[in-house]
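Work through the exercises below with the sequence and the structure at hand. Each task is followed by a solution in steps.

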Amino acid sequence: MRKRMPSTNALRAFETIMKRRSVKDAADEVFLTPQAVRYQIKTLEELLGCELFILNGNRLEPTTKALELLGY
């Protein structure tokens, strides 16, 4: 069975959230709505089979898996 590759939009949303730690700020930077950015992250999480962010108050905190993914 072939493995699917993540879309470049999902990876760009992930990288921007890692930098900004905010869906709204990431959405502003990549010119998408916050809903579209959340959808991209949800799609990436489903593809990878793991949670990438935890909401801590108003900020997103990356999980260990997200930090590992950032290294690639």
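A residue counts as buried at under 20% relative accessible area and as exposed at over 50%. The model is a predicted one.

**Exercise 1.** Determine which residues of helix 3 are buried and where they sit around the axis.

Solution. An α-helix has 3.6 residues a turn, so residues three or four places apart point the same way. In helix 3, the buried residues are V37, Q40, I41 and L44. Their arc around the axis is only 95°, so they lie on the same side of helix 3. The face turned away from this buried side carries Q35, Y39 and E46, which are exposed. The cover over the buried residues includes helix 1 (8-20), helix 2 (23-30), strand 1 (53-56) and helix 4 (64-70).

**Exercise 2.** Describe how helix 1 packs on helix 3.

Solution. Two packed helices are described by the angle between their axes and the distance between the axes. For helix 1 and helix 3 the angle is about 105° and the axes are 8 Å apart. Helix 1 is therefore roughly perpendicular to helix 3. Helix 1 contributes N9, A10, L11, A13, F14 and I17 to the contact, and helix 3 contributes V37, Q40, I41 and L44. Sorted by type, the contact residues are 8 nonpolar, 2 polar and no charged.

Conventions:
Residues numbered from 1 in each chain as written. Predicted model: local features only at pLDDT ≥ 70, side-chain atom pairs only at ≥ 80, totals over all residues. Heavy atoms only, no water. Buried < 20%, exposed > 50% of the residue type's maximum accessible area, 1.4 Å probe, protein only. Helix = DSSP H or I, 4+ residues; strand = E, 2+ residues; numbered from the N terminus. Arc of directions from axis to C-beta. Contact = heavy atoms within 4.5 Å. Axes fitted to C-alpha atoms, helices over the stretch in contact; angles between N-to-C directions. Parallel < 35°, antiparallel > 145°, perpendicular 65-115°, else oblique. Nonpolar A, V, L, I, M, F, W, Y, C, P; charged D, E, K, R; others polar.
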